[in-house]
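User: I am new to this structure and would like to go through it step by step. Could we look at it together?

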Amino acid sequence: MPARGRGAEAPSGNEGGEDTLKAIEWTGSALRLLDQTRLPHESVWITCETAEDVARAIEEMRVRGAPAIAIAAAYGVALAALEASRNADAETVDKAASKTGVLRRIEEAVRRLRQTRPTAVNLFQALRRIEMVVAMSRDLTPAALAGRLAAEADRMAAEDVAVNRRIGTFGAAVFRQPVRVLTHCNTGSLATVEYGTALGVIRSLHHQGKLRHVWVDETRPFLQGARLTAYELLADGIPFTLITDSMAAHFMRAGQVDAVVVGADRIAANGDTANKIGTYGLAVLCHHHRIPFYVAAPSTTFDLSIPSGASIPIEERASGEVTHVLGLPVAPAGVCAAHPAFDVTPAELITGIVTEFGVVEPNAERIRATLAAGGRQEGGDGA
């Protein structure tokens, strides 16, 4: 499904909120991704035909957002299986050797995709699920195995949409009166398969007539808020104002922010949450100004194998993403810059975590009970 907006045109509006932007499309033989490094001025789709194509797209942030990365990686393994099965059919080798070669290629693809982004735990959850399907399907022919992996990725994509809708419903139910919400980074249809997590809550509030306004952090240094969240809200006709990250405190002090809702890339067993750099600062500001701070994330974002945020791996990205903006230098040549892509917000600063199972109090006991009731199994994530 093409994304709204061509060239520098503004995206068209939604009717009823059912027709949302999409950034991932599986064709049966390739994975098409809306290149998010080109938005908002160009809607360019790239075609991934191999697992390596998908891995590079993830690393280069052409596809981004923890749920979207996970689904893309699942399809990436399916692409590896498809390619290996075609090669096996073309070669004159015995069936056992052919199957061994396909399984080896799948293992290599999983290993490569695991290396792309270290913080977003959804990636590791998805790859572990794919590995379980492989383990249960070793008796299939290479072609049948490839088809089963693609079907599993399809199921994961459909589940993501349903989960996001439930997150939106639970999140909107928290607020009884129309609210002004501030959000950080991009957590909508461009970061998921459809609808979004924190932005899904905002969409649900809007559809229910309970949203007064949205404050959108620009989200330096990659500008996901300015480039992507603004693009999505404009498409939906949701009222918003773009602000620089450093303006959040000003608007909170002025009494113009009623709540902050953000997404997450990994949530530790105790509720500590890793999200896009700048999130921790917002939580501190909310604590000072007595503003509720909510995290919206699916159950796949929880990593119960990690006791606290201190153990969450933080991705360090290239310094050029700080010294340059959209390819243009903003600092003197030779400047050394740091770029931790995420920070960790302590659980005590989080009002509640909105999941597809409801709003969870951010502590270990409540989290485990909620996930267990929802059928989430405990375990490590191989990150």
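User: Which way do the residues of strand β10 point, and are they buried or exposed?

Analyst: Please keep in mind that this is a predicted model. In strand β10, which covers residues 293-296, F293 and V295 point one way, while Y294 and A296 point the other way. These residues are all buried.

User: Why that pattern of pointing?

Analyst: In a regular strand, side chains alternate between the two faces of the sheet.

User: Which strands does β10 pair with?

Analyst: Strand β7, residues 259-262, pairs with β10 in the parallel sense over three bridges. Strand β15, residues 352-355, also runs parallel to β10 and is joined to it by three bridges.

User: And what stands opposite F293 and Y294?

Analyst: F293 in β10 has V260 opposite. Y294 has G352 of β15 opposite.

User: Moving to another sheet: what is the order of the strands in the open sheet of three?

Analyst: The order is β1-β2-β3, and the pairing is antiparallel. The edge strands are β1 (24-26) and β3 (45-48), each of which pairs on one side only. From one strand to the next, the twist averages 20°.

User: How many bridges hold β1 and β2 together?

Analyst: Three bridges join β1 to strand β2, residues 31-34, in the antiparallel sense. Within this pairing, I24 stands opposite L33 in β2.

User: Which helix lies across β2 and β3?

Analyst: Helix α1, residues 51-59, lies across these two strands and runs at about 140° to β3.

User: What salt bridge does E52 form?

Analyst: E52 forms a salt bridge with R56, and their closest N and O atoms are 3.1 Å apart. Both residues lie in helix α1, four residues apart, which is about one turn of the helix.

User: How accessible are the two partners?

Analyst: E52 counts as partly exposed at 25% relative accessibility. R56 is partly exposed as well, with a relative accessible area of 44%.

User: How many salt bridges are there in the whole structure?

Analyst: The search of the whole structure finds 22 salt bridges. One of them links E159 with R129, where the closest N and O atoms are 2.8 Å apart. E159 lies in helix α5 (residues 142-173) and R129 in helix α4 (residues 121-135), so this pair ties together parts that are 30 residues apart in sequence.

User: What about R203; which residue is its salt-bridge partner?

Analyst: The partner of R203 is D236, and the closest N and O atoms of the pair are 2.4 Å apart. The pair links distant parts of the chain, with R203 in helix α6 (residues 198-207) and D236 in helix α7 (residues 224-236), 33 residues apart. R203 counts as buried at 1% relative accessibility, and D236 counts as buried at 10%.

User: Which residues are joined into one network by shared partners?

Analyst: Salt bridges that share partners join E52, R56, E59 and R112 into one network.

User: Back to α6: why is it described as largely enclosed?

Analyst: Eight of the ten residues of α6 are buried, so this helix is largely enclosed by the rest of the structure. The buried residues include L199, V201, I202 and L205.

User: What do they pack against?

Analyst: The buried residues of α6 pack against α5, β4 (179-183), β5 (211-217), α7, β7 and β10. Just after the helix, G209 takes a positive phi of about 75°.

User: One last topic: where is I106, and is it buried or exposed?

Analyst: I106 is found in helix α3, residues 95-114. I106 is buried, with a relative accessible area of 3%.

User: Which residues is I106 in contact with, leaving aside its neighbours in sequence?

Analyst: Beyond neighbours within four places in sequence, I106 is in contact with V77, A81, V134, L145 and L149. As for V134, I106 and this residue are 28 residues apart in sequence and 8.7 Å apart in space, C-alpha to C-alpha.

How values were computed: Residues numbered from 1 in each chain as written. Predicted model: local features only at pLDDT ≥ 70, side-chain atom pairs only at ≥ 80, totals over all residues. Heavy atoms only, no water. Buried < 20%, exposed > 50% of the residue type's maximum accessible area, 1.4 Å probe, protein only. Pairing = 2+ DSSP bridges. Axes fitted to C-alpha atoms, helices over the stretch in contact; angles between N-to-C directions. Contact = heavy atoms within 4.5 Å. Salt bridge = Lys/Arg side-chain N within 4 Å of Asp/Glu carboxyl O.
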